[in-house]
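Hello,

Here is the structure I promised to pass on. Please have it open while you read, and my notes follow just below it.

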Amino acid sequence: MAEDKRTGKGFCPFCGSEFESGHDTCPNCGQDIRQYNDDLGPVLRKVQDATNIDMKSPKVRVAMTVVVVALVFAGCLVIFDYIDSHNSDDSDDDSPVTEGIVVRIATNGYMDLTGDFTDGTLKVLPLYDPDLRIQISLDEGLESDYNKIIWVVKTEGYNGSNSKNPFYTKVTKIRDSDDSAIGTVTWGNVLVGRFSVTAECYTYDGECRIHSGFGTYYGKLDASYLWEYEGKTCKLSYTLSQDDVRTCLEYDLTERMDMQTRADMADFIALGQAVSELDRKLMRLYSDLSYTYTSDGYADFILSFVQQCFPDVPDSSVYGVEDYWAYPAETVLWGCGDDEDRAILFCALMASNLSDPKVSVALIGLPDRTVAAISLDMSHSFISTPVMIDSGGTMFTVADTDSDLGLGRLSSAYAVSSDGKTVTFHGTGVDFPVYVMEKKSNI
């Protein structure tokens, strides 16, 4: 029921009847009007004051009630449409789903910022000259409270383009005069991935306050590779798309570690746009270098690329856990990997290239490393007596990404029988599980 506070009268929004206030149902039509108590009266009274329209008229009250209800309904439709358009799986909206605030990087993607970035205590300003740099600053109103600030900027993951891995910089700024600026620090060599910023602030009386911000930089990754193969210098430029970068950064570590307890290592030899595009560029380079294509020759070329362009870095430095099976795109993103990660990358590149369904790739678990392997016809190979290991009647030629040896070679610590069924390590027979890629998956 809407009530006119000045007259003590009420009215029914349904039939327009006017009556003494205090009714839960309309004395005329019997409708339940409790939900309208005190809702429409103030609105109608303001309209009356502004327009001189007699809002006590039943017809006017009914008309205004319809208008107000219609406006509320329309507002709800707008809200629901907004929610639906931003949460529907079928939405074509490519806007980022963020947890904090977004800072657009004009040259490449965006940053999603949380922590003290969200309330303006810490601020980010992209600089372009021409390489991207990020200026991080403390709110000016707070800076004046401090005479010393220790800035720490660090990334949470490895990237081969950084001079320090994970990247870490520490800058101490002390106020020499009232005009000296200590509330800003510049981060150069900015690359995609997660990062954190800490400002350890000291007041003039020695009190310490800490302001921290966290962020993830989503953008494409431009990578350049340089390596030697058979006396020739090989150069390759490659771009990992923003979508692939975002997919890699959003993998859940807990889910991944749980998956590793239930999955075959070969399940991580995932194909997709990132792998196929990298393989296409490598194949073109192989041709441009005037190499005559053979399946074993190309496999040896790819092996040299993985060995020389992706350094051996433990999972603990890249992912923060002792053992992590990285998808190929993740290894490309970070530019490094351990023996398993690089073996998976090699297998993915070869699986993307091979069109013969009889040819397959596999991972072989040896005592001190995991090596890649590929089933090729080596009867006319340029490689003499290649090391081959049998798995269910299929002979796989080894490709050790954890060494500088070529295709079909293992370190002298290993001996493999001619039938590929027995492997010894330092003279002792060992088991060697073989994980064959049974089907191609796209990740």
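A residue is called buried here when its relative accessible area is under 20%. Tyr-225 has a relative accessible area of 8%, so it is buried. Please keep in mind that this is a predicted model.

**Aromatic pairs**

I began with the aromatic rings, and the structure holds 21 aromatic pairs. In one of them, the ring centres of Tyr-225 and Phe-310 are 5.6 Å apart and the planes stand at 40°, so this pair counts as tilted. The two residues come from distant parts of the chain, 85 residues apart: Tyr-225 belongs to strand E13 (residues 221-229), while Phe-310 sits in the loop between H7 and helix H8 (315-318). Phe-310 has a relative accessibility of 0%, so it is buried.

Another pair is made by Tyr-286 and Tyr-298, and this one is edge-to-face, with 5.3 Å from centre to centre and 75° between the planes. Tyr-286 lies in helix H6 and Tyr-298 in helix H7, twelve residues apart. Both Tyr-286 and Tyr-298 are buried.

Next come the helices. Helix H7 (residues 295-309) and helix H10 (residues 339-353) have axes that come within 10 Å and cross at roughly 145°. Their crossing is right-handed. On the H7 side the contact is made by Tyr-298, Ala-299, Ile-302, Leu-303, Phe-305, Val-306 and Gln-307, and on the H10 side by Arg-342, Leu-345, Phe-346, Leu-349, Met-350 and Asn-353. Sorted by type, the residues of this contact are ten nonpolar, two polar and one charged.

**Two buried residues in helices**

Thr-331 is found in helix H9 (residues 328-334). Is this residue buried or exposed? With a relative accessible area of 0%, Thr-331 is buried. Apart from neighbours within four places in sequence, Thr-331 is in contact with Phe-310, Tyr-319, Ala-326, Cys-336, Asp-341 and Leu-345. Phe-310 in that list is the partner of Tyr-225 in the tilted pair, and Leu-345 takes part in the contact of H7 with H10.

Ala-274 is in helix H6 (residues 273-288), and its relative accessible area of 9% makes it buried. Which residues does Ala-274 contact, leaving aside neighbours within four places in sequence? They are Tyr-238, Leu-240, Asp-244 and Ala-329. The C-alpha atoms of Ala-274 and Pro-328 are separated by 8.3 Å, although these residues are 54 residues apart along the chain.

**A sheet of three strands**

Last, there is an open sheet of three strands in the order E20-E21-E22, paired antiparallel. Strand E20 (414-416) and strand E22 (428-430) each have a single partner strand, so they stand at the edges and one side of each has no neighbour in the sheet. On average, neighbouring strands of this sheet are turned by 35° against each other, ignoring direction. E20 pairs with strand E21 (residues 423-425) in the antiparallel sense over three bridges. Val-416 has Val-423 in E21 as its bridge partner.

Best wishes

Definitions and conventions:
Residues numbered from 1 in each chain as written. Predicted model: local features only at pLDDT ≥ 70, side-chain atom pairs only at ≥ 80, totals over all residues. Heavy atoms only, no water. Axes fitted to C-alpha atoms, helices over the stretch in contact; angles between N-to-C directions. Helix = DSSP H or I, 4+ residues; strand = E, 2+ residues; numbered from the N terminus. Left-handed = near helix turned anticlockwise from the far one by under 90°. Contact = heavy atoms within 4.5 Å. Nonpolar A, V, L, I, M, F, W, Y, C, P; charged D, E, K, R; others polar. Pairing = 2+ DSSP bridges. Buried < 20%, exposed > 50% of the residue type's maximum accessible area, 1.4 Å probe, protein only. Phe/Tyr/Trp six-rings, centres within 6.5 Å; stacked < 30°, edge-to-face > 60°.
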